[in-house]
Amino acid sequence: MKNTKARNASGYMFLTPWLIGFFLLAIGPILVSLYLSFTRYDMVGDPRWTGLDNYIYMFTRDRRFWKTLEVTFHYVVFAVPLRLIMALGVAMLLDKGLRTIGLYRAIFYLPSLLGASIAIAILWRQLFSIDGVVNQVLAVFGIQGIGWITNPSTSIYTLIVLAIWQFGAPMLIFLAGLRGIPKDLYEAADIDGTSRFRKFYAITLPMLAPVVFFNLVLQIIEAFKIFSPAFIISNGTGGPADSLLVYTVYLFNEAFKFFRMGYASALAWVLLVIIGLFTALAFATSKYWVHYENERD
């Protein structure tokens, strides 16, 4: 009992700076945004209470709201699993004991540091333009390129490719998890003549399940919050034909382009609920596939 209290006390001690920042700096704006979501507010005059009007308009009359949900869910469904698969694959390659593994870790992690920057978003827009590098490479093989960003049917996939390229952070977490799997399990499997696929399915994935779950939750949250690449690549419009109108770009435009701060606050709270529901769903289903070493039957 004393050991448990001591561990909890040390945990709260490390959380103290974040708790102080949250209660002193964050909780106030959060509560104000909740109030503003029930008002009509243009950041010039005083907020005018409208009750549930913002939410009723959002769900019954705002067609762009449903379009932005469609685009965002499309992005999340493709970007999250593909990024995790790439991260796990690279982590397994680096787990082979390479001599310069530190250098490789730094190289693969670098895109995660740069990927959300404005410069990378501009570079990405140039790469996939009609005369960009991607089409130039395709032309070498006799393939006629297209305007990947200006074509509504392909523009969202440029964002997905960028998300996959930013696999460094989950890769490092996977690599740490792989290092924690006992090697004697693989040695026993080798003695039994187990195939690589069987070892991956029967040993690696079950032992790595808590790490997969952790990465999954983090990547879902991050995917729903995507903003900078979509905003820069679409020039802040979400075009073409709203194909890049992810949720946060729409929220930003409502707040700072059209000055509908009350409606933007309502959008922010709906996004919070959506992320909360997906997170809760992940935790609710985790009991069927995530198992921890200290669990007892």
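Predicted model: local features only at pLDDT ≥ 70, side-chain atom pairs only at ≥ 80, totals over all residues.

A: Ala241 is exposed, with a relative accessible area of 62%; exposed means over 50%, buried under 20% and partly exposed in between, using a 1.4 Å probe and protein chains only. This residue sits in the loop between helix 11 and helix 12, where helices are DSSP runs (H or I, at least four residues) and strands are E runs of at least two, numbered from the N terminus.

Residues are numbered from 1 along each chain as its sequence is written, and side-chain values use heavy atoms, with hydrogens and water left out.

Back to the loop. Pro240 is placed between helix 11 (228-233) and helix 12 (247-256), and a cis peptide bond joins Gly239 to Pro240, with omega about 5 degrees. Asn235 is also found in the loop between helix 11 and helix 12. Asn235 has a positive phi of about 60 degrees although it is not a glycine, and at 59% relative accessibility it counts as exposed.

How does the loop sit against the record? The unreviewed UniProt entry annotates "transmembrane region" over several spans, among them 227-252 and 264-284; such positions are given in the numbering used here, feature names are shortened, and annotations may be inferred rather than shown by experiment. Over residues 264-284 the chain is 100% helix and 0% strand, with the end C-alpha atoms 30 Å apart. Another annotated span, residues 12-38, is 93% helix and 0% strand, and its end C-alpha atoms lie 35 Å apart.

Gln219 is buried, with a relative accessible area of 8%. Leaving aside residues up to four places away in sequence, Gln219 touches Val80, Arg83, Leu84 and Pro170, where contact means heavy atoms within 4.5 Å. Finally, Phe78 in helix 3 is partly exposed, with a relative accessible area of 36%.
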